[in-house]
Amino acid sequence: MAVSIRKFNTFTFFKLPSAWWCGIRLKYLDQQKAVVTVTHRWFNQNPFNSMFWAVQGMAAELSTGAMMIDQINATGKKISMLVANNNANFSKKATGKITFTCEDGILIKEALEKTIATGEGQTVWMKSVGVNTDGVVVSTFNFEWTVKLKQ
């Protein structure tokens with residue numbers, strides 16, 4: 001799986017092609033933080049000449065999911081992951097380059113440690129904030145991830 005950002009973006013081409021074609025790219029990833037960008041273009045716009053909400057959702061989810069995948073791989077265990085719930089707030093029209101950042105890596109670590117120790121599924125809420133090039137928040141997404149040790 002993804003060892004580097006470049007490999008992760010190649011992974012999206014084959015496993016998440018709609019995200020890749022919309023221009024969603026992982027830019028930074030470590031144990032605490034992930035950064036994903038997407039630029040408003042004709043291909044990912046809505047009728048109001050801004051970025052379609054679902055494209056923003058894909059980018060936001062990738063910022064949380066990339067860290068989840070990375071940390072699951074680091075455990076060496078077989079652990080399933082799934083989004084169980086989400087919500088979003090849209091505060092400004094999304095145009096230009098939007099950067100989604102999630103800094104909830106510590107929450108993943110805690111959930112993975114618990115699921116490995118107990119064998120029971122765990123849930124964790126993670127937040128991804130999208131800002132435009134002026135630093136103005138355009139949307140905030142929250143994802144409830146579930147993790148469970150595979151039998």
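This is a predicted model: local features need pLDDT of at least 70, side-chain atom pairs count only at pLDDT 80 or more; totals for chains, interfaces and linings use all residues.
The structure holds 10 aromatic pairs, where rings of Phe, Tyr and Trp (its six-membered ring) pair if their centres lie within 6.5 Å, and planes under 30 degrees apart count as stacked, over 60 as edge-to-face and the rest as tilted. One of them joins Phe-52 and Trp-53, whose ring centres are 5.8 Å apart with the planes at 50°, so this pair is tilted. Phe-52 is partly exposed, at 36% relative accessible area, whereas Trp-53, at 53%, is exposed; buried means under 20% relative accessible area, exposed over 50%, and partly exposed in between (1.4 Å probe, protein chains only). Phe-141 and Phe-143 make a stacked pair, with 6.0 Å from centre to centre and 5° between the planes, and both residues are buried. Ring pairs also link Phe-13, Phe-14, Trp-20 and Trp-21 into a cluster.

Residues are numbered from 1 along each chain as its sequence is written, and side-chain values use heavy atoms, with hydrogens and water left out.

Turning to the sheet, six strands form an open sheet in the order 1-2-4-5-6-3, with antiparallel pairing. Helices (H or I, at least four residues) and strands (E, at least two) are DSSP runs, numbered from the N terminus, and two strands pair if DSSP finds at least two bridges between them. Strand 1 (25-29) and strand 3 (79-90) are the edge strands, each pairing on one side only. Helix 3 (residues 53-75) packs on the sheet and touches strands including strand 1, strand 4 and strand 6 (137-149); contact means heavy atoms within 4.5 Å. The direction of helix 3 makes about 35° with that of strand 6, with axes taken as lines fitted to C-alpha atoms, for helices over the stretch in contact, and angles running from 0 to 180 degrees between N-to-C directions.

Strand 4 (residues 97-102) can be followed residue by residue. In a regular strand the side chains alternate between the two faces of the sheet. The covered face of strand 4 carries Ile-98, Phe-100 and Cys-102, and the uncovered face Lys-97, Thr-99 and Thr-101. Six bridges join strand 4 to the antiparallel strand 2 (residues 34-39); Val-38 is partnered by Ile-98 and Val-35 by Thr-101. Three bridges connect strand 4 with strand 5 (residues 122-131), also antiparallel, where Thr-99 has Val-131 as its bridge partner.
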